[in-house]
Amino acid sequence: MQFRSTLHQFIPVLIGFICLSLLACSTSGESINRNPVVLKDTFQEKFVMGTALNAWQITGRDTSSIQIAKEHFSGIVAENIMKSGRIQPREGEFNFDLADQFVEFGEENNMQIHGHTLIWHSQAPRWFFTDEEGNEVSPELLTERMRKHIYTVVGRYKGRVHSWDVVNEAILDDGSYRKSKFHQILGKDFIKLAFQFAHEADPDAELYYNDFSMSQAGKREGVVKMVKELQEEGIRIDGIGMQGHISLEHPEIEAFEKSMLAFSDLGVQVMVTELDLSVLPSPWRNREAGANISDNADYEDRMNPYKDGLPDSVSQAFDKRYLEFFELFLKHQDKVSRVTLWGVNDSNSWKNNWPVRGRKDYPLLFDRENKAKPIVEKLINLAKQ
Ligand code: G3I
């Protein structure tokens, strides 16, 4: 009898407790709807999960994407604002406003901060290669300008930026050197100089070479040869970034793996630096699209088939392909130090405008409303296995 009456007294308390718990869950916002497990925690022991931030995110105007970045990613890179044309638009005129905010954001959120990029033929301002009379600069002047740019940028963030893409996209798919202005004026030595200056500016920063289409046999061999030469000359290079601008068809996963292993055999870290997966038709069916922004094709309606959303069959192919790549990254987690998505959500992605302007692509892990796609949970489950 006494037990029954105690139970009667206890029931309202229990009901109250359940109600309060439910209320707490619903007022704590999205946590009840979202997957409670986040990417960065699940992958913590494997590799850094990174994302690229644009200016709207860095300045905090895109609050919803910033929330996703904080919740799911442990590393950040600036998609554009640290490129030489942005950071030193005119000689000696450095603009660090956004870069400072980017670095502060990473520090406040305890993220690994990666700098992109010091020496890249694309987006390099014209003044870099032209003297006061409008003539092409001498090798000495270009070397001096590279030194000043790298010293100023790397020096400003000494001890705060973990690593830099020192040289970006200097090798072509056939393994030869890209005939960029840097190469025309200085020959291949511009690569060595860039690494040397970056090391002098911050001896503790990790220094990487970064390129796209890295699964191409020619490029693989060219990059291996170039890195070996740097190493033989005693130049510090800590890692090779494999940009992952992949599609449903290209590249072959085995070729990507082959390059990962070839790079790792050089004794450097490998990172997947610019991962996104395009589901749209490519103007170049039989080859990897790469990421050369000067290659592009005119808009045609048939090239933009998913304006109203993805059919199930394509979503399934998308999930399958992401899973295959992450299986590979996890298989080689002892070699892969970071995997960085090239953007937070589909609406931010450069793929909506390249290689054809004005299309609707779906390359990232979060949709246009910043909702986690089903692939997020699948990746988390994969990593837990
Ligand atoms: O911010 C201006 C805006 O003010 C202007 O109105 C508008 C007009 O076109 O342009 C805006 O700048 C664009 C910028 O992205 C920001 O959206 C540039 O035109 C456009 O060229 C630039 O494209 C970037 C591209 O690199 C060139 O820098 C992409 O966002 C960025 O995703 C892409 O990233 C590169 C990596 O750095 C290196 N690897 C390949 C990868 C893809 O090309």
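1. Asn110 is exposed, with a relative accessible area of 71%; exposed means over 50% relative accessible area, buried under 20%, and partly exposed in between (1.4 Å probe, protein chains only). Asn110 sits in the loop between H6 and E3, and its phi is positive, about 55°, although it is not a glycine. Helices (H or I, at least four residues) and strands (E, at least two) are DSSP runs, numbered from the N terminus.

2. The model is predicted: local features need pLDDT of at least 70 and side-chain atom pairs count only at pLDDT 80 or more, while totals for chains, interfaces and linings use all residues. Residues are numbered from 1 along each chain as its sequence is written, and side-chain values use heavy atoms, with hydrogens and water left out.

3. Asn370 also has a positive phi, about 65°, and is not a glycine. It lies in the loop between E9 and H13 and is buried, at a relative accessible area of 5%. Most residues other than glycine have a negative phi, and most peptide bonds are trans.

4. One runs from His116 to Thr117, with omega near -5°; Thr117 belongs to strand E3 (residues 112–120). Another runs from Trp354 to Pro355, with omega near 5°, and Pro355 is in the loop between strand E9 (336–341) and helix H13 (374–384).

5. The ligand is surrounded by 16 residues, of which the closest are Glu79, Lys83, His116, Glu169 and Glu274; a residue counts if one of its heavy atoms lies within 4 Å. Ligand oxygen atoms lie 2.5 Å from a polar side-chain atom of Glu79, 2.7 Å from an N or O atom in the side chain of Lys83 and 3.3 Å from a polar side-chain atom of Gln123. Taken alone the ligand exposes 780 Å², and the protein buries 56% of that; areas come from the Shrake-Rupley method with a 1.4 Å probe.

6. Phe102, in helix H6 (residues 97–108), is buried with a relative accessible area of 0%. Beyond its neighbours within four places in sequence, its contacts (heavy atoms within 4.5 Å) include Leu53, Ile76, Met82 and His114. Ile76 is 26 residues from Phe102 in sequence and 8.7 Å away, C-alpha to C-alpha.

7. Overall, the protein has 13 helices and 9 strands, and 51% of its 385 residues are buried. Its C-alpha atoms fill a box of roughly 100 × 45 × 40 Å along the principal axes. Among contacts with a separation of 6 or more, 78% join residues 24 or more positions apart.

Conventions: A polar contact is a pair of N or O atoms within 3.5 Å; within protein, one must be able to donate a hydrogen and the other to accept it, and residues adjacent in sequence count only if both atoms are side-chain atoms.
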